[in-house]
Amino acid sequence: MYLTKEEQRMLNGEEGYTAKKSMEILAALGNIYGAEKLIKVGSVQVAGVSYHNLGDAGLEFLNNLAKDGKVKVLTTLNPAGMDLEDWRKLGISEEFAKKQNLVIDAFRKMGIIISCTCTPYLIGNLPRYGEHIAWSESSAVTFANSVIGAKTNREGGPSALAAAFVGKTPYYGLHLEENRGPDTHVDVKAKLKKFSDWGALGYSIGKKAQNKIPYITGIEAADLDELKSFCASVVTYGSKPIFYMKGITPGSEKHQPPKEKVTVEDRDIKEAYESINDDVEVIDFVCIGCPHSSIKEIAKIAKLLKDKRISPNTEFWVATSRPMKQLADKRSYTATIEKAGGKFACDTCMAVAPLKGRFRSVATTSAKGCYYSRHNDMKTKLASLEECIEAAVKGKWS
Ligand code: F3S
């Protein structure tokens, strides 16, 4: 891969330890994938923030980078393992909080915005159409490529960090127009009736597309929250982190549906629920906000919870970014949700908080949330917001 004089100096260690390490990562990736050069990126989203996933080895890696590393572009963070302000309320131990705070200190020292959300595009890290970025976090990567039309590969935590320190990323994969075209046509004949159907649709298309780029037809309308949920699901269950939805996402007008075609029927949506859902009676955890809740979703939750009471046997979380919670405070949504017994889980989420062994079963609107909850040994129910709230109030599935 061609390197400029400045990049070569960094690789030689003339600009310090972190610049050298970062260039080593970028050069190795560039060489593996045949990139001709590095290109500038407009922003970076860094995943791998929870101490639960990083452990002491990850913390040490970050502390070493933080010694002389400063990011060169707008850089935001994925969710951490706890609410950074109100972690006790979520049942997080002192010991975990101490370690998580050390991780956050390291990121802060690097000049990264401590945003701790997987929806950076809702809180100020919003790339423009066609802009090159280096994001990790699969749902955000899929949203950026497909709904916004920005260009990013699915970075890992270290490669995203390296891009942040250099301000550049190797020019390969989804940065190149020739790799962004659709290669399978998915015609959706199924009728989507409720919000969680978007997660089920993501499951079905992910399985059918299997590492291909789908060109989706048959969808008449989709709002931001539906697309956000679909993005999280379709990439979790199989497809590449980019899709086209005819008449809805940018770039869909530039492409024709590929010849290879599959359909999604009502029975596929039904099968998705059957595969994601377990037989459960007791619901001791309900989590809304995977990806992190928008203010519109929080408003809906508050409306549905008004004058209701969550079962004392059920923990109810609204996972969101802190700026979104601050908006919710101003409209009294927070007061309504907390009065009903719900909790805000800012800065964190159901997948990266240390939840293993705490709950038996979860109800959620998110197909991706179900996937990760099974890794946390929970039984899962993918359901509409109304059904999730009913389960939270009754403490059981009915
Ligand atoms: Fe976001 Fe966590 Fe879901 S990072 S997409 S809320 S698993």
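A residue is called buried when its relative accessible area is under 20%, and this cut-off is used in the legends below, which describe close-up views of a predicted model.

**View 1. Helix α6, residues 157-166, within its surroundings.** Because nine of the ten residues of helix α6 fall in the buried class, the helix is largely enclosed by the rest of the structure. The buried set is made up of G157, S159, A160, L161, A162, A163, A164, F165 and V166. Just after α6 comes G167, whose phi is positive, at about 80°.

View 2. For a sense of distance across the model, I25 and S115 are 90 residues apart in sequence, and their C-alpha atoms lie 25 Å apart in space.

**View 3. The interface of domain 1 and domain 3.** The domain assignment of the chain places domain 1 at 5-177, domain 2 at 182-275 and domain 3 at 277-394. Between the C-alpha centres of domain 1 and domain 3 the separation is 27 Å, and the contact involves 25 residues of domain 1 and 21 residues of domain 3. Together these two domains bury about 1800 Å², with 57% of that area on carbon and sulfur atoms. On the side of domain 1, H52, K89 and L90 supply 27% of the area buried against domain 3, which is more than any other three residues supply.

**View 4. Polar contacts and salt bridges between domain 1 and domain 3.** Three salt bridges are found across the interface of domain 1 and domain 3, while the count of residue pairs in polar contact between these domains is 13, with both residues of each pair at pLDDT 80 or more. Helices α3 (51-68) and α5 (138-148) each supply at least two residues of the side of domain 1 that touches domain 3. Sorted by class, that side of domain 1 has eleven nonpolar, ten polar and four charged residues.

**View 5. The salt bridge of K368 and E137.** In this pair the side chains of K368 and E137 meet with a distance of 3.0 Å from N to O.

View 6. A polar atom of the T380 side chain lies 2.7 Å from the backbone oxygen of I276. Apart from residues up to four places away in sequence, T380 touches I276, N277, D278, V362, C370, S373 and R374.

**View 7. R128 in the loop between α4 and β4.** The loop that holds R128 runs between α4 (94-109) and β4 (134-136), and R128 is exposed there, with a relative accessible area of 53%. Not counting residues up to four places away in sequence, R128 touches I148 and A150. Although R128 and G149 are 21 residues apart along the chain, their C-alpha atoms are separated by 7.5 Å.

Technical notes
Residues are numbered from 1 along each chain as its sequence is written. This is a predicted model: local features need pLDDT of at least 70, side-chain atom pairs count only at pLDDT 80 or more; totals for chains, interfaces and linings use all residues. Side-chain values use heavy atoms; hydrogens and water are left out. Domain bounds come from an automatic or database domain assignment. Contact means heavy atoms within 4.5 Å. Buried area is the accessible area (1.4 Å probe) that two parts lose on being put together, summed over both. A salt bridge is a side-chain nitrogen of Lys or Arg within 4 Å of a carboxyl oxygen of Asp or Glu. A polar contact is a pair of N or O atoms within 3.5 Å; within protein, one must be able to donate a hydrogen and the other to accept it, and residues adjacent in sequence count only if both atoms are side-chain atoms. Helices (H or I, at least four residues) and strands (E, at least two) are DSSP runs, numbered from the N terminus. Ala, Val, Leu, Ile, Met, Phe, Trp, Tyr, Cys and Pro count as nonpolar, Asp, Glu, Lys and Arg as charged, and the others, Gly among them, as polar. Buried means under 20% relative accessible area, exposed over 50%, partly exposed in between (1.4 Å probe, protein chains only).
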